[in-house]
Each structure stands twice: as structure tokens, then as C-alpha cells.
There are 2 protein chains.
Amino acid sequence: MDDKHFLLNIFSQENFTAQELETIILKFKKVVFSKNSFLLSEGKVANNYWFVESGFIRSFVQDTEGRNISTNFYSTGDIAIDWPSFFLRNPTRENMQALTDCVCWQLDFDTFQTLFHSITAFREQGRTTLVGSYFALKNHSISVIADPAKARYQQLLQKKPHIIQNVSLKHIATYLGITDTSLSRIRKEVAKE
Amino acid sequence: MDDKHFLLNIFSQENFTAQELETIILKFKKVVFSKNSFLLSEGKVANNYWFVESGFIRSFVQDTEGRNISTNFYSTGDIAIDWPSFFLRNPTRENMQALTDCVCWQLDFDTFQTLFHSITAFREQGRTTLVGSYFALKNHSISVIADPAKARYQQLLQKKPHIIQNVSLKHIATYLGITDTSLSRIRKEVAKE
DNA sequence: AAATCAACTTGCCATAGGACAAGAAATGAA
DNA sequence: TTCATTTCTTGTCCTATGGCAAGTTGATTT
């Protein structure tokens, strides 16, 4: 059982000096979100991001028909951020909502900028994280075009079983680009294999 | 008629000092690609990126069935880069191929790093460009899920008419997530409206 | 315990878009 | 200028997935 600070899982002793770690970690603020509360909503400029210590969060957008489409899920160890709104300082199209009670570590834009421009390793890690998100998004995007719905479900099941287990079917369905009806059928098929 | 350096369209006098501009611009190398040649191919690590002065470039991946799917198109003023491979130094899944003869301005990774860590404005612009690409990718990804094929075509037609005019139908089709047959029919429908 | 509500399943039918194949039409090569 | 190749169109038929509605089941409230 270790009781080190949660953020030491995010910022490792390999990449940062003890001094840098202290500087960084002190800037984060612990915040708690209760189930169903919104971390971010459409039309606002995202002025914070969060590292998730516990709980589940969903981000989604409304499409032109008023349906809502899941764009991502965040859980322990993930960074919950709307990259474009946070960095371009534009009103977002996204909503981020806690699916369960959550414990998060929050950083605001101005503090981020200070760390980004003053600590080289923070800069590198930030860039790497962003590029990692880009990569994941690209793979998902290609998958929606190239793979049948069943394969997309199976990939998610394999890569992120905790999402399947903790998020309702209808939210997963829109993330996969199908209806809840279809996902229910696919899941049935996969189950009996 | 102005004969200023092409890259001054990319790095503006508003954001950089004359000194910085000179430093940056001298680092770029002018390269020419002939029609059908590859700037990057699957399995390689992307060690360069390019600003396109003229011509058209397509990036694509092979799906599991061996079909190839367009992931992006690049033309004058665009940055042609595979973000994940360039920054994470991983072998890429992407191919980038010149659709026409092209004139580009090339930068390699090590030189990029030097500029990134030494010039604040270069760093900010780089981050903004990356986030802009992320934003475009996200919108495309959502559109593939939420919008019918015809709407996706019309959006592309409106936002990037030069792509429609210069890229073959089959390449555009896979970008939109449909077959060339379907795109042909959609185009016919849209034409007679 | 009853009542309510959300989550999920299932059936029936509808439809967007895919697969395949046969032409046109355009482009390029010899 | 002829031949070949690629691009694009169009027809026929097919399939994965959607739309809608009627159940279940399970959770939550009163």
C-alpha cells in the first residue's frame, strides 16, 4: 500500500527533478464532482483540465438533429480536457459530464502556460500527451470508416473493458457510431461466441 | 506582385521578430516532389514535415481488407505532417503521396526541437497548429458518425472546393467514408439541385 | 409494496449505402 | 491515331444498420 501523491503517477520521477515535481504538483487543485454534474458545457471556453483520480466522465456533443454523441470517456489516470477550447480559447461544442462521483486534479490555463514555458520536461510531456490524444482520435476515426460495428465494439472491449463495464450501453453506442438497438444486438452476438 | 519568401505567409511579422524569422526560415529546405512520389510510407518514422507551397498531397492508410482510405489532403499553405509519428518517433501507419508535382518547405525533427525549445512564439504557433489539426480531425470524425454522406460531401465542397476540384473521386470517397459508387451518385444528386 | 423511471432487449419493416459488373468517358502511352 | 488504362457512371441486387414500438428487467422514489 503506497500513499504517495496521486499526481506522481502522472509526472514521474524519471522525467522530472524533485524540485520540478513539487512546483508542478502544488499548482494542481483537488476537486470533486458529484454524479451527473458538468465539468464543461457547450458554449463555454474550457479554462481547466483535469487528471482523473477516480470515477468516470463522458464527453459528448449534440448533433444537428439534437441527438447526443459520446466523443470520449475518461477514468483513472486519464486527462480530461477539451484540447481545442483550452488552447485556442474558443467556446466549445463539447460537454463533459461526470457519470459517477469523481475525484480530479485541476489545472487552469494561466498556470498551465507558466509551467509550459518554464519547465522543459512539462512542455515535452504536454506535447506527448496531446499527440497521444490525436493518435487515439485518428485511430477511432479510421475505425469508424473502415471497420464494421461489431469489430469496433470488440476493439473497445479489448482495449478499454472498464468502459464497457461502467458506462451505459446507449453512451457506448453513440461513441461507436451506432444506435443502442444495434449495440444490444451486437453484444448479444458477441456474447454467444 | 510580391516576391517575399513563401514562408512569410506561414510565420507572420506580427508574431515573430525579424531576427527570429530569419533564424527560422533559414532552417527550412526547399524540396520538390514529382507526381506520385511518396513523402512518407508505412513503417517508416516521419523525420520531416513540410509546408506546401504548391501542388496536392494525399495521406492514406491501408485498412485490414487491403483497401486504402484517405486520411487527409494537403495543398498550398497547409502543413503536411504525421503528428504522431513525428513526435512520438514511432513507425507510421500512414502514407503520404504527391498527387501532382509539389514544391514544399521541409524541416526535420532535430531542427524542429531546437526551434521549439528556443523560440517562444515558434512553440506557441506549433502548439496552435497541432491543436487546429486535432480540431479538424475531431469535427470530421463526428461528422462521419452524425451526418449522412451527402451532407459530408456538401460540407467538403463548401469548405475545401479546391480538394473537390483537384482530387479524384475515389480518393475523396474514402475520405468521406463511402465508396466511389456512392459518391458518384451523391454528386449527381447535388448537381441537379 | 406500489409506482415510476431508466436501461436494455427484441421484433418488424425501412433505407442508406455496399458489392459487383457493364459500360462511357477521359487520359495517357506507343 | 490507336491502344490501353484509369476514372467515372449507372444498373441490379444485397446487407448492415436505423426507426419505431412493445416488452422486460432492474433501480429508485414514495
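The surface near DNA strand C splits into 4 nonpolar, 6 polar and 6 charged residues. For the bookkeeping, Ala, Val, Leu, Ile, Met, Phe, Trp, Tyr, Cys and Pro count as nonpolar, Asp, Glu, Lys and Arg as charged, and the others, Gly among them, as polar. Keep in mind that this is a predicted model, where local features need pLDDT of at least 70, side-chain atom pairs count only at pLDDT 80 or more, and totals for chains, interfaces and linings use all residues. Residues are numbered from 1 along each chain as its sequence is written, while chains are lettered from A and ligands numbered from 1 in the order in which they are written.

**DNA strand C**

- Around DNA strand C sit 16 residues, and the closest are Ser168(A), Leu169(A), Ser184(A), Ala149(B) and Ser182(B); "near" here means that the C-beta atom, placed from the backbone, lies within 6 Å of the strand.
- Two or more residues each come from helix H7 (169–176) and helix H8 (180–191) of chain A, along with helix H5 (149–159) and helix H8 (180–191) of chain B.
- Helices (H or I, at least four residues) and strands (E, at least two) are DSSP runs, numbered from the N terminus.
- H8(A) gives the largest share of this surface, 6 residues.

**DNA strand D**

- DNA strand D also has 16 residues around it, with Ala149(A), Ser182(A), Ser168(B), Leu169(B) and Ser184(B) coming nearest.
- At least two residues each are supplied by helix H5 (149–159) and H8 of chain A, and by H7 and H8 of chain B.
- The largest share here, 6 residues, belongs to H8(B).
- By residue class, the surface near DNA strand D has 4 nonpolar, 6 polar and 6 charged residues.

**The sheet in chain A**

- In chain A, 4 strands make an open sheet ordered E2-E7-E4-E5 with antiparallel pairing; strands pair if DSSP finds at least two bridges between them.
- Strand E2 (38–40) and strand E5 (68–74) of chain A are the edges, each with a single partner strand, so one side of each has no neighbour in the sheet.
- From one strand to the next, the twist averages 30 degrees.
- H7(A) packs on this sheet, touching strand E4 (57–62) and E5 of chain A, and its direction makes about 100 degrees with that of E5(A).
- Axes are lines fitted to C-alpha atoms, for helices over the stretch in contact, and angles run from 0 to 180 degrees between N-to-C directions.
- E2(A) pairs with strand E7 (residues 94–98) of chain A in the antiparallel sense over 2 bridges, and Leu40(A) stands opposite Met96(A) in E7(A).

**The sheet in chain B**

- Chain B has an open sheet of 4 strands in the order E2-E7-E4-E5, paired antiparallel.
- Its edges are strand E2 (38–40) and strand E5 (68–74) of chain B; each has a single partner strand, so one side of each is left without a neighbour in the sheet.
- E2(B) and strand E7 (residues 94–98) of chain B pair in the antiparallel sense over 2 bridges, with Leu40(B) opposite Met96(B).

**Where chain B meets chain A**

- 25 residues of chain B are in contact with 25 residues of chain A, contact being C-beta atoms, placed from the backbone, within 7 Å.
- On the chain B side, E5, helix H2 (83–88) and helix H4 (120–146) each give two or more residues.
- H4(B) brings the largest share of that side, 15 residues.
- The chain B side divides into 15 nonpolar, 7 polar and 3 charged residues.

Notes
Contact = placed C-beta atoms within 7 Å.
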